Amino acid sequence: MNEGIIGQRRQGKSTLSLGQAAVHSKTIVIFDPNWNYRHPAFVTALNPGGLDLHLSQCLEAQTDQYNVIRLGPFGLADLWEQFEAYSDVLVNYDGLSIIVDESHMLQSSQKMHPSLDRFLRQSTADT
């Protein structure tokens with residue numbers, strides 16, 4: 001399932017998106033270019049290799065606990081390149097909830113990042 005959450009600052013969009021993601025999966029991956037998702041229980045993957053390692057450990061453990069992996073920080077890196085690198089890892093895993101915070105940074109009125117487009121098209125009506 002794809003959901004868009006739009007609103008002004010400090011209205012709870014990030015909290016709502018995290019709650020919605022948790023309904024669909026116990027493993028949640030957040031692309032967070034502006035450090036909006038800060039919680040000591042969240043694991044931060046600093047590179048695509050770290051994401052792959054965290055995901056394989058989470059899915060291998062198969063516990064009832066929630067696993068939230070935050071991607072970033074990105075610094076001055078090109079967000080399009082970063083999103084592509086992380087997306088190349090994510091396509092190897094099923095059953096994840098993916099939050100793309102600040103998705104406007106990955107699209108314009110004429111163009112969308114190809115990996116974001118792929119995620120939107122791969123989503124099913126019930127997940």
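This is a predicted model: local features need pLDDT of at least 70, side-chain atom pairs count only at pLDDT 80 or more; totals for chains, interfaces and linings use all residues.
**View 1. The protein chain holds four helices and four strands.** Helices (H or I, at least four residues) and strands (E, at least two) are DSSP runs, numbered from the N terminus. Residues are numbered from 1 along each chain as its sequence is written, and side-chain values use heavy atoms, leaving out hydrogens and water.

**View 2. Helices α2 and α3 pack with their axes 9 Å apart.** Here α2 spans residues 48-61 and α3 residues 79-90, at an angle of about 25 degrees. That makes α2 roughly parallel to α3 (angles under 35 degrees count as roughly parallel). Axes are lines fitted to C-alpha atoms, for helices over the stretch in contact, and angles run from 0 to 180 degrees between N-to-C directions.

**View 3. A closer look at the contact between α2 and α3.** On α2, the contact (heavy atoms within 4.5 Å) is made by P48, L51, D52 and L55. Their partners on α3 are A85, Y86, V89 and L90. By class, seven residues are nonpolar, none polar and one charged. Ala, Val, Leu, Ile, Met, Phe, Trp, Tyr, Cys and Pro count as nonpolar, Asp, Glu, Lys and Arg as charged, and the others, Gly among them, as polar.

**View 4. Of the 127 residues of the protein chain, 32% are buried.** Buried means under 20% relative accessible area, with a 1.4 Å probe and protein chains only.

Definitions and conventions:
Angles under 35 degrees count as roughly parallel, over 145 as roughly antiparallel, 65 to 115 as roughly perpendicular and the rest as oblique. Buried means under 20% relative accessible area, exposed over 50%, partly exposed in between (1.4 Å probe, protein chains only).
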